[in-house]
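Hello,

Here is the structure for you to look over. My notes on what turned up follow below it.

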Amino acid sequence: MTPASVRYIVNDVAISVAFYTQHLGFTIEQDARPAFASVTRGPLRLLLSGAASSGARPMPDGRRPVPGGWNRILLLVEDLKGEVERLKGAGLPFRNKIISGVGGSQILLEDPSGNVIELFQPAAH
């Protein structure tokens, strides 16, 4: 199976690699620091593109891709409260508190560049 790829523009590739591998269980697939690295977790391939990468080049009108925003990857977790405690214990920032709905519970974690990761625990059926 070919993994799904998502590109995140990041401020510092090395810091981002450390964040995803140390805190969220990703492994390094390709390492071309300081410009670029790809990390994987299951069928997800995350492309971490720094300022020197082709993915961060300016558009014809001069706009530059930047980190942050609200689009995000979603990582399933079995114990959302436990994961939040663990990640807060590591000093990682969240945009909100855990919210719950009919489908489950979620919270938004920020990577070192301000990109969002949704941690999601499905509702028990």
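Please keep in mind that this is a predicted model. Let me start with Thr 40, which lies in strand 3, residues 36-41. Its relative accessible area is 17%. The cut-off for buried is under 20%, so Thr 40 counts as buried. Leaving aside neighbours within four places in sequence, Thr 40 is in contact with Gly 25, Phe 26, Thr 27, Glu 29 and Arg 45.

Four strands form an open sheet, in the order 5-8-7-6, with mixed pairing. Strand 5 (72-76) and strand 6 (99-101) stand at the edges. Each has a single partner strand, so one side of each is left without a neighbour in the sheet. From one strand to the next, the twist averages 30°. Helix 2, residues 80-89, packs on this sheet and touches strand 7 and strand 8. The direction of helix 2 makes about 15° with that of strand 7.

Next, how the strands pair. Strand 6 and strand 7 run antiparallel and are joined by three bridges. They form a hairpin with two residues between them. In this pairing, Ile 99 stands opposite Gln 106 of strand 7.

Strand 7 (residues 104-110) also runs antiparallel to strand 8, and seven bridges join the two. Leu 108 stands opposite Glu 118 in strand 8. Leu 109 has Ile 117 of strand 8 as its bridge partner. The hairpin of strand 7 and strand 8 has five residues between the strands. In that hairpin, Gly 114 takes a positive phi near 95°.

How enclosed is strand 7 by the rest of the structure? Five of its seven residues are buried, so strand 7 is largely enclosed.

One more residue to look at: Val 116. It is found in strand 8, residues 116-122. Is Val 116 buried or exposed? It is buried, because its relative accessible area is 0%. Not counting residues up to four places away in sequence, Val 116 touches Tyr 8, Gly 69, Asn 71, Arg 72, Ile 73, Arg 95, Leu 108 and Leu 109. Take Arg 95 from that list. Val 116 and Arg 95 are 21 residues apart along the chain, and their C-alpha atoms are separated by 8.5 Å.

To find your way around, begin with the 5-8-7-6 order of the sheet.

Best wishes

Methods
Residues numbered from 1 in each chain as written. Predicted model: local features only at pLDDT ≥ 70, side-chain atom pairs only at ≥ 80, totals over all residues. Heavy atoms only, no water. Buried < 20%, exposed > 50% of the residue type's maximum accessible area, 1.4 Å probe, protein only. Contact = heavy atoms within 4.5 Å. Pairing = 2+ DSSP bridges. Axes fitted to C-alpha atoms, helices over the stretch in contact; angles between N-to-C directions.
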